[in-house]
Amino acid sequence: MRLVQVLIPEGNRKSVLSALDEQGIDYAVFDETGRGEFEAMVQFPVPPTGVEPVLDQLRSAGISESAYTIVLPTETVVSTRITALQELYPGDRVSREEMKSTAESLAPEPATYFAFIVLSTVIAVGGLLLNSAATIIGAMVVAPLMGPAITASAGSVLADRDLATRGIALQVAGLLLSIAVAAVLGAILQGTVIVPPGTDIRTIPQVAERTSPGFLSLFIAFGSGIAGAISVSRGSGSTLVGVAIAVALIPPAGTAGLGIAWGFAGVAATASVLVLVNLLSINLSALAIFWFSGYRPELSDQRKTVRRAVVRRGAVLIVALIGLSIVLGLVTFASYQTTTFEQRATAETERFFDEPALSAYELESVEIEYDTQDIILGDDPTVSVVVGRSNTATVPPDVADRLDRHLRETTDEDPAVRVGFVVAQESERIPPTTDTPSSESLASTGRGERSFGAGELEPDSGTSETNRRSVTPQ
């Protein structure tokens with residue numbers, strides 16, 4: 001429920017009270033003893049969905065924006081008379097005035113907004129480099145990105161150009177600042193002992209998640225935008241929903257900045273695409289929710305203009321998303337191809353070494369080097385295999401070539417194959433492990449043979465045996 005308080009200008013008392021009587025609303029009237037511009041104050045309870053139509057009636061009765069109208073949320077209303085009002089105004093959608101006020105409050109002053117952007121980016125960068133999901137979630141709590149997204153959409157449907165412009169400007173400036181801060185911070189950390197020398201950010205799982213955007217990213221962004229719009233239009237949960245919106249924007253922006261700092265153009269480009277897709281999706285979903293929830297400008301002569309503007313803006317967002325979705329489609333398809341090849345190559349390698357002719361050897365591990373960038377650039381995958389053997393078993397000279405031909409025939413890819421043979425010793429029986437042996441006696445590739453790490457472990461006291469290990473797809 002809402003408690004509405006209205007100061008009635010001189011000469012409008014009768015028309016205002018008549019309007020309330022027509023709506024069947026109970027009210028209380030108090031004589032005004034202020035500066036003389038108002039003759040009375042009337043207050044009345046009304047459900048949230050009733051605020052907008054009642055205020056429209058009061059404006060027709062002479063209550064203009066120059067008067068004071070205060071809408072207060074109420075904790076509890078004890079009265080059986082409320083039931084009739086709730087039946088008259090069902091639902092829980094807040095009024096146009098409340099929604100606009102909430103949108104304005106969600107877009108803070110620039111100094112505060114940019115300060116929180118910087119702080120959330122610093123925390124997010126730390127979480128990305130530490131591969132800490134908990135730290136990244138903490139950054140989302142700080143990020144203030146929900147406000148501008150909601151403000152831009154609310155301003156569009158309510159014909160408030162200043163509000164819409166402010167929301168769009170804060171979003172663009174905030175995300176550009178986030179990328180810049182992440183790039184500067186990454187460049188600084190590279191020259192310190194905080195980040196180990198030679199760190200490849202592409203191997204950090206939390207970073208890798210933001211460099212392979214697929215169609216699922218659209219669902220996340222649309223869900224965040226819809227949740228934000230519903231929370232504002234229903235007057236509940238906006239703070240927690242803001243975290244969801246920040247999840248879709250700040251980590252990818254931080255990843256793009258780190259890509260710039262490390263000089264990885266692919267990381268910066270793919271993460272930037274993810275930022276842009278999420279930004280457009282959030283704005284489009286919020287715009288649609290507000291429009292289909294029935295929010296319109298107060299003045300009827302503005303509604304046709306706003307309808308055209310909303311349709312035009314929605315069309316631009318949809319066209320941009322379709323264009324970016326092509327990129328997402330390529331990345332999704334490439335990810336599917338790499339995953340499929342990894343599974344098939346691992347299975348076929350296991351099957352290859354299960355042949356009777358290779359029974360003297362034990363497959364230790366299989367590592368596949370194949371990612372979406374290889375698909376885009378047309379590079380072939382690399383399959384690295386480690387095989388255990390006993391001291392008495394000889395190294396077959398053509399096993400890499402045979403495995404190469406086998407994989408070409410069964411996977412329809414042309415991988416480069418590297419096979420390494422190892423001999424291991426144990427002072428006592430060790431449980432099976434998935435770790436790759438550290439000593440390699442011979443390796444050969446499907447592109448010609450070469451040796452590396454030649455030599456075998458010298459026997460210690462005790463019996464030497466081959467250490468059996470399970471296959472470990474990488």
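The side chain of Thr 411 has a polar atom 2.5 Å from the backbone oxygen of Leu 407. These positions come from a predicted model. Thr 411 sits in helix α16. Its relative accessible area is 6%. Buried means under 20%, so Thr 411 is buried. Leaving aside residues up to four places away in sequence, Thr 411 touches Phe 341, Arg 344 and Ala 345.

**Where α14 meets α16**

Those three partners, Phe 341, Arg 344 and Ala 345, are among the α14 residues that contact α16. Helix α14 covers residues 303-353, and helix α16 covers residues 399-411. Their axes come within 10 Å and cross at roughly 130°. That angle makes α14 oblique to α16. The crossing of α14 past α16 is right-handed.

Which residues make the contact? From α14 come Phe 341, Arg 344, Ala 345, Glu 348, Thr 349, Phe 352 and Phe 353. From α16 come Val 399, Arg 402, Leu 403, His 406, Leu 407, Thr 410 and Thr 411. By class, the contact of α14 with α16 has 7 nonpolar, 4 polar and 3 charged residues.

Helix α2 spans residues 48-60, and helix α4 spans residues 96-106. They pack at an angle of about 110°, and their axes are 7 Å apart. This makes α2 roughly perpendicular to α4. On α2, the contact uses Val 51, Glu 52, Leu 55, Asp 56 and Arg 59. On α4, it uses Arg 96, Glu 97 and Glu 98. How do the residues of the contact of α2 with α4 divide by class, and how many are charged? There are 2 nonpolar, no polar and 6 charged residues.

Two packed helices are described by the angle between their axes and the distance between the axes. The table sets out both values for each pair.

| Helix pair | Angle | Axis distance |
|---|---|---|
| α14 and α16 | roughly 130° | within 10 Å |
| α2 and α4 | about 110° | 7 Å |

**The whole protein**

How many helices and strands does the protein have? It has 16 helices and 9 strands. Of its 474 residues, 45% count as buried. Thr 411 is one of the buried residues. Now take the contacts between residues at least 6 apart in sequence. Of these, 78% join residues at least 24 apart.

Conventions. Residues numbered from 1 in each chain as written. Predicted model: local features only at pLDDT ≥ 70, side-chain atom pairs only at ≥ 80, totals over all residues. Heavy atoms only, no water. Axes fitted to C-alpha atoms, helices over the stretch in contact; angles between N-to-C directions. Helix = DSSP H or I, 4+ residues; strand = E, 2+ residues; numbered from the N terminus. Parallel < 35°, antiparallel > 145°, perpendicular 65-115°, else oblique. Left-handed = near helix turned anticlockwise from the far one by under 90°. Contact = heavy atoms within 4.5 Å. Nonpolar A, V, L, I, M, F, W, Y, C, P; charged D, E, K, R; others polar. Buried < 20%, exposed > 50% of the residue type's maximum accessible area, 1.4 Å probe, protein only. Polar contact = N/O pair within 3.5 Å; in protein donor to acceptor, adjacent residues only side chain to side chain.
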